[in-house]
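Dear colleague,

I am handing over the structure below, together with notes on what was found in it. Please read the notes with the coordinates open beside them.

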Amino acid sequence: MRVRMLLLGMGVAALCGGGYWWWQARGEPRYGQAALAQTEAILALGPRPPGSAGLQAVRERLRGQLAAAGWVSVGQAFERSTPQGVVKFENLRARFGGGDAAAVWQRPVQGLLCAHMDSKWFKHEVFLGADDAASACGAMLEIARVLATQRPRQAQQLELVFFDGEEAFDANITAFDGLYGSRHYASEWPAAVTKPGFAIVLDMIGHKDLAIRLPSDTPDPLREAVLAAAKQERAGKYFGIAAGPIIDDHTPLNRAGIPAVDMIGDFSNRRWWHTSADGRQLLSAESLEVSIRVTLRVLDGLLRGS
């Protein structure tokens, strides 16, 4: 109900033509170019499976970039048994500052914006995971910058979460392998007095042949919000509904009572998925621009009045 009421404001705003990016002239994908540069910097640090020096370097880079934009970040460390033994994980959470750094963790937030920062572990293959999901991390850094500089009141209503351990150590995600970070994070919320009203998960959103497919079981208000935003951004051709549910970082959030949508690129019948072919050459600034603009428009509607 809370999400649906928020979406009523989104519809009114769209009819009135509100929102600062509604009126920006199309041209160079400047959000996309900035996000691509952030993604390239992440890829330059090498593979980043959980517990690796590469992932720690990425985590520190994310911290630094967020701090430069006025966001306060904290780690959320934990250990889990995996097919590779006990592994130390650490999610990265961030909230917009605006004064007392400690106070930002005391206030409730309206929503979550999430991505996973790890790359899949392979024993005999170098896997960078450019689209899966360095592209989402690069986009989140640019979104964080835009919100901080142009919509600080909205920024204060969000928590950014970079999950560790989304990828399974074995071939596929199961009840016991994969989604380590989002499962741990979601487990912190059931006892909370005030849960966020929504969550948006970004994953594989930079592919040059962009095709976002929302899981078929996406909560109705969020599905409608994303598809409407894509249409309003004249990007409807890039967005659709998957043939069935998808298990990803949104799954534990939905189970914890936080309505979540997974804006995930179509990886069905993609030969590059989970191979060394998932490199920089797959990405485009134009695709990142589309993904960022649609995400910003969705957030503008859900956080309107904040």
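Predicted model: local features only at pLDDT ≥ 70, side-chain atom pairs only at ≥ 80, totals over all residues.

Residues are numbered from 1 along each chain as its sequence is written, and side-chain values use heavy atoms, with hydrogens and water left out.

The chain has 9 helices and 8 strands, where helices (H or I, at least four residues) and strands (E, at least two) are DSSP runs numbered from the N terminus. Of the 306 residues in the chain, 56% are buried; buried means under 20% relative accessible area, exposed over 50%, and partly exposed in between, with a 1.4 Å probe and protein chains only. The accessible surface of the chain comes to about 12400 Å², and 55% of that belongs to carbon and sulfur atoms; accessible areas come from the Shrake-Rupley method with a 1.4 Å probe, and for residues only the protein chains shown count as cover. Among the contacts (heavy atoms within 4.5 Å) with a separation of 6 or more, 79% are between residues 24 or more positions apart.

The largest nonpolar core has 60 residues, and those with the most contacts inside it are Trp 71 and Phe 162; such a core is a set of buried Ala, Val, Leu, Ile, Met, Phe, Trp, Tyr and Cys residues joined through side-chain atoms within 4.5 Å. Helix 4 gives the most to this core, with 13 residues. A second, separate core of 14 residues includes Val 109, Cys 114, Val 201 and Ala 256. Leaving aside neighbours within four places in sequence, Phe 162 is in contact with residues including Leu 62, Leu 66, Leu 92, Cys 137 and Met 140. Cys 137 counts as buried, at 1% relative accessibility, and Cys 114 is buried with a relative accessible area of 0%. The structure holds 0 disulfides, a disulfide being a pair of cysteine sulfur atoms within 2.5 Å.

Helix 6 is mostly covered, with 6 of its 8 residues buried, namely Tyr 180, Gly 181, Ser 182, His 184, Tyr 185 and Ala 186. These buried residues pack against strand 1 (71-82), strand 2 (85-96), strand 3 (111-116), strand 4 and helix 8 (250-255). Glu 159, in strand 4, is buried with a relative accessible area of 0%, and a polar contact of 2.8 Å joins the side chains of Glu 159 and Tyr 185; a polar contact is a pair of N or O atoms within 3.5 Å, and within protein one must be able to donate a hydrogen and the other to accept it, while residues adjacent in sequence count only if both atoms are side-chain atoms.

A cis peptide bond, with omega about 0°, joins Asp 132 and Ala 133, and Ala 133 is in helix 4 (residues 130-150). Leu 179, in the loop between strand 4 (158-163) and helix 6 (180-187), has a positive phi of about 55° although it is not a glycine, and Leu 179 counts as buried at 2% relative accessibility. Met 204, which lies in the loop between strand 5 (198-203) and strand 6 (212-214), has a positive phi of about 60° and is likewise not a glycine; at 4% relative accessibility, Met 204 counts as buried.

With best regards
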